[in-house]
Every structure is written in structure tokens, then in C-alpha cells.
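This report describes a single protein chain, element by element. The sequence and the structure come first, and the text follows.

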Amino acid sequence: MNYITRNNFYLIIIIFCGLFFRFYNLNFDDLWIDEISTFWISNPDISFFDSYNNHKKIEQTPYLFNFLIKVYFSLIGYQEEYSRIIPALCSALTMITLCFLSIHLNRGRSYIFTVFLISFNIFLIAYSQELRVYSTLLFFISLSLLLFFYQLDKDSNFLIICFTIITGITILLHPFSFILLLSYIIYSLYLFLNKKIYKKLYFANIILSIFFITFYYFFLQNTLDVPTWITQPNAKFFTNFYFSKFFGSRLLGLIHLILLIIFLIQIFLKKIQFKHSLFFIFFLFLSYFIPLMYGYIFNPIIMPRYVMFAIIPIVLILSHSIFEQKKIIKNILIFLFTTITIGNFFTEQTFKQIYQERRVYKPEFKKALEIINDSNFKYYDIKLDPAQKILTDPWSNSVNHYLEYLILDKEFKHQKINKSKFKDYFWEICIYDINKDNCSVENNFIITKNIKLNRLEITLLKKIW
């Protein structure tokens with residue numbers, strides 16, 4: 001097996017593993033509350049205007065992702081089993097785009113290591129199996145980056161048009177796309193000051209900036225406030241920067257963070273260098289700096305999944321810097337990263353589900369409905385906090401829609417009731433995500449049975465007269 005054939009063999013095996021773990025048991029868990037909102041909003045049986053109004057009541061992000069899912073459902077059918085295919089596919093495609101990006105930045109074998117770190121990233125795999133925007137956003141960011149650097153080398157009319165369209169879509173997916181756009185602007189300014197002129201790219205950045213400002217000026221006037229449950233990171237955050245979340249464990253995150261800091265120092269000292277490394281330093285810095293500063297000045301907005309795109313510059317800097325080291329150090333680091341990444345992967349449910357029963361992480365709606373269906377009482381209601389009625393009503397509508405969908409799909413004999421007017425026994429479904437883990441029962445009801453499931457409870461109640 002020659003050098004090229006061996007590299008291609010490794011690459012194919014790594015990509016195959018990444019595909020397998022992103023699609024294996026894709027629909028094992030029921031939808032959780034945020035996914036349920038997307039499932040409700042993207043219902044193809046309702047009009048575009050009703051869908052958009054539902055979106056505005058419950059979401060803080062632009063409508064594009066939910067609209068794309070709505071179109072997708074209208075083409076292949078409105079089935080829960082199909083819902084997570086788009087995020088999983090986007091996560092799989094991200095491996096491909098980052099492979100090409102890594103090859104473009106460095107013609108050595110670092111692209112195989114880049115794909116390995118992305119393919120076996122437990123955080124990315126987890127979000128590839130969730131009906132939310134994050135994996136789709138990550139793919140469009142990776143594709144935008146690829147087109148940006150292709151354009152720097154080729155200065156093509158076709159590429160600049162593709163770059164503008166893809167980056168425009170990225171802007172419409174999430175407000176945090178501003179971080180990517182600002183990174184482009186700063187790096188373009190750096191290139192200009194170094195007398196490297198890219199007129200088409202400068203013009204595209206101006207157009208995209210005007211588009212971003214215009215769109216979000218009107219969007220922010222017609223959207224919900226920033227979620228109140230997000231808290232600003234404490235001092236402990238600055239010892240980790242979500243690396244333990246991004247890479248699967250505290251130890252693994254610490255190793256990634258320490259080596260990243262060492263490589264950044266080496267880059268600044270010009271002991272190592274790879275193509276456009278400065279851009280990825282800008283991008284990584286802004287990925288944390290902007291959300292943190294916004295949180296200190298206005299409201300907290302930073303969470304691991306909101307800045308998961310920071311994984312891209314982290315992985316690229318690490319993989320390319322490792323391959324710039326002396327041979328013995330490079331081999332030691334490759335062995336270290338490969339061993340600890342796969343070792344940690346073996347401890348995760350993503351791998352352990354192959355040979356043992358998988359743990360449930362999301363609310364067990366189907367199991368709750370099965371218990372109710374097998375009981376003598378078929379009526380149910382959803383518990384809501386009366387003090388949060390304005391906020392909980394849209395969530396209640398989305399959950400009701402999902403439960404009605406499951407009841408129809410499973411041919412259960414359940415019926416939703418209004419507990420304030422109901423005189424018989426009924427089941428109250430309390431979802432922790434809506435009620436902040438408070439499943440206490442009102443004084444005018446007696447509890448005859450309580451069953452705790454994952455992230456929800458069902459309680460059989462009887463009204464006291």
C-alpha cells in the first residue's frame with residue numbers, strides 16, 4: 001500500500017466512523033422541549049404565516065432554519081423519524097468541508113488528523129442528533145470559510161458569488177454569525193494593510209455587513225428578549241473555556257487547552273506557521289470575547305452550543321501546529337491525542353450503545369403516554385406555572401401538538417382535558433424544562449400515583465370537592 005493509498009484508506013475509515021456514530025440510533029431519544037418547538041413550528045400542514053407567528057412566540061433565532069425544516073417535511077412527509085436527518089447530514093458534511101479546508105491550508109497529512117478530531121468529537125456527535133440549528137449553522141460556517149480561503153487564492157467571480165450567498169445564509173441562521181463576519185472584516189483589513197488587495201472580497205464583506213445590520217435591526221424589534229435562564233460564566237469558566245464540554249471530559253479539555261496555548265505562543269513567536277493562522281486566532285478570540293462582553297454590558301448570552309463553531313479554529317490550530325513540530329514531538333502528540341480521544345470515546349454512550357442498552361437523556365414522552373394508555377384513566381393535562389402563562393402558553397401549544405402527534409401515530413386512546421373543569425381522575429404531565437423542576441401539585445388535588453421518568457413526571461390526580 002503506497003503513501004497516497006494508505007492516507008486515503010485512513011481518511012475513509014475515519015469519515016465512515018463519523019457517519020456511523022452520527023446516524024446510529026438517530027431517533028433513540030424522544031424530542032426534547034427545544035426540538036418540540038421546531039417540530040411544531042415546521043409543521044407543513046399549517047400556513048407560512050401561522051408557522052412564522054408560532055416561531056416569533058417561542059424562538060430567539062431567525063426563522064430560516066425552521067422554514068427549511070418545514071420545506072423538508074413538506075417534501076418527504078411530516079414524520080418524527082425523519083426530523084433529525086438534516087442536522088445529522090449537515091454534521092457529516094462538516095467533516096468533508098473541514099477536510100478540504102485543512103488540505104487547502106496545509107498540503108501535508110494534517111487534514112487526516114483534522115477530520116479525526118472532528119469525526120470523533122463527542123460534542124458534535126451529540127448535537128448532530130438534535131433537531132436544532134446548531135449543526136446546520138456549523139456546516140454553513142465551515143463552507144463559508146472554505147469559500148473565503150479559496151477566493152483568497154483564486155480571486156474568482158463564481159467563488160465570490162458562492163461565498164456571498166453561503167455567508168448570507170449563515171447570517172440568516174443565527175445572530176452569532178456576526179462573529180464570523182467580523183473575523184472576515186478584521187482579516188481583510190489586515191491583508192489590506194499588508195498591501196494584499198482583494199477588491200471583490202472587500203466588496204462582498206461590505207454587502208454582507210449592510211445585509212447583517214439591516215436584517216438584525218428589524219429582526220431584533222420583532223423577537224423575544226434574551227433568555228433569562230442563561231447566566232454569565234463565573235471565574236471557573238476562564239480555566240476551561242467550555243473545553244471539557246467540547247472534547248468530552250475535564251482531562252481531555254485541559255490537554256486541548258494547554259496545548260492550544262502553547263501553540264498560540266509558538267505562532268506569535270513565529271516558531272511555527274501555517275497558512276492564514278492569524279485569521280483563526282481572530283476567529284477563536286472573537287468567538288468568546290464578543291458574547292462575554294455582551295453579557296457583561298447587557299444580558300448573558302454565551303453557552304457551549306451557541307459558540308460550538310469555536311471548535312473549528314481550535315481543531316485547525318491544533319492539528320496544523322502538531323504537524324509543524326519536529327518528527328518525534330509530532331508523533332508523540334498524534335499518539336497522545338489519538339489515544340485519549342478514542343479512550344474517552346469508548347466511555348461515552350455514543351460508543352457503549354453498540355454493546356449495551358443506551359441511556360435515556362431526553363424526556364420520555366412516549367413512555368409516559370404508554371403508561372397512561374395502559375392505565376384505567378386516559379385523560380391528561382400538562383402542568384404549567386400560572387405565573388409564567390405568557391411564556392409557557394407557546395411551549396404548551398408545541399408540547400400538546402407533539403403529544404397529539406404521538407397519540408395519533410401510536411393509536412393511543414388519550415384525551416387532553418382542562419383540569420380546572422374536570423371531575424374525574426386524570427394524569428398531569430410535568431415537564432422539568434418548562435416548570436424548572438417544580439412538579440408540586442395544587443392543594444385542591446390529591447395524588448393517587450406518581451411516576452418519575454427522565455426529565456418529566458406523570459401524576460394521577462383526583463380533584464377535591
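Strand 4 (residues 445-453) pairs with strand 5 (residues 456-463) in the antiparallel sense, over 8 bridges. Two strands count as paired if DSSP finds at least two bridges between them; helices (H or I, at least four residues) and strands (E, at least two) are DSSP runs numbered from the N terminus. Within this pair, N450 is opposite T459 of strand 5, and I451 is opposite I458 of strand 5. The two strands form a hairpin with 2 residues between them, and R455 in the turn has a positive phi of about 65 degrees.

Strand 5 also runs antiparallel to strand 3 (residues 426-431), to which 6 bridges join it. Here F426 stands opposite L461 in strand 5.

## Basis of the model

The model is predicted: local features need pLDDT of at least 70 and side-chain atom pairs count only at pLDDT 80 or more, while totals for chains, interfaces and linings use all residues. Residues are numbered from 1 along each chain as its sequence is written, and side-chain values use heavy atoms, with hydrogens and water left out.

## Nonpolar cores

A nonpolar core is a set of buried Ala, Val, Leu, Ile, Met, Phe, Trp, Tyr and Cys residues joined through side-chain atoms within 4.5 Å. The largest one has 138 residues, and L145, F246, Y288 and I314 have the most contacts inside it. Helix 8 (residues 134-154) gives the most to this core, with 14 residues. Apart from it lies another core of 5 residues, including I417, F422, F445 and L461. In soluble globular proteins, nonpolar side chains tend to be buried together.

Leaving aside residues up to four places away in sequence, F246 touches N121, F123, F241, Y288, P304, V307, M308, A310, I311 and I314; contact means heavy atoms within 4.5 Å.

## Loop residues with positive phi

D155 is not a glycine, yet has a positive phi of about 50 degrees. D155 lies in the loop between helix 8 and helix 9 (157-173), and is partly exposed at a relative accessible area of 40%.

K270, also a residue other than glycine, has a positive phi near 60 degrees. The loop that holds K270 is between helix 13 (250-268) and helix 14 (277-297). K270 is exposed, with a relative accessible area of 71%.

## F289

F289 belongs to helix 14 and counts as partly exposed at 37% relative accessibility. From F289 to L403 there are 114 residues in sequence and 41 Å in space, C-alpha to C-alpha.

## Cavities

On a 1 Å grid over the protein atoms alone, a cavity is a set of points where a 1.4 Å probe fits but cannot get out; a pocket is an open set with protein on both sides within 12 Å along at least five of seven lines; lining residues have an atom within 4 Å of a point. Grid points are joined across faces, edges and corners, and a volume is the space filled by probe spheres set on the points.

The whole structure has 2 cavities of 30 Å³ or more. The largest cavity holds about 90 Å³ and is lined by L117, F120, N121, I122, F247, L252, H256, T341 and N344. The lining has 5 nonpolar, 4 polar and no charged residues, with Ala, Val, Leu, Ile, Met, Phe, Trp, Tyr, Cys and Pro counted as nonpolar, Asp, Glu, Lys and Arg as charged, and the others, Gly among them, as polar. The second largest cavity has a volume of about 40 Å³. Its lining consists of T38, H55, E59, T61, P62, F65, N66, R132 and V133, by class 3 nonpolar, 4 polar and 2 charged residues.

## Second largest pocket

The second largest pocket holds about 380 Å³ of space. Its lining has 17 residues, of which Y190, Q273, F274, S277 and L278 lie nearest the centre. Helix 8, helix 10 (177-193), helix 13 and helix 14 each supply at least two residues of this lining, which has 11 nonpolar, 3 polar and 3 charged residues.

Definitions and conventions: Buried < 20%, exposed > 50% of the residue type's maximum accessible area, 1.4 Å probe, protein only.
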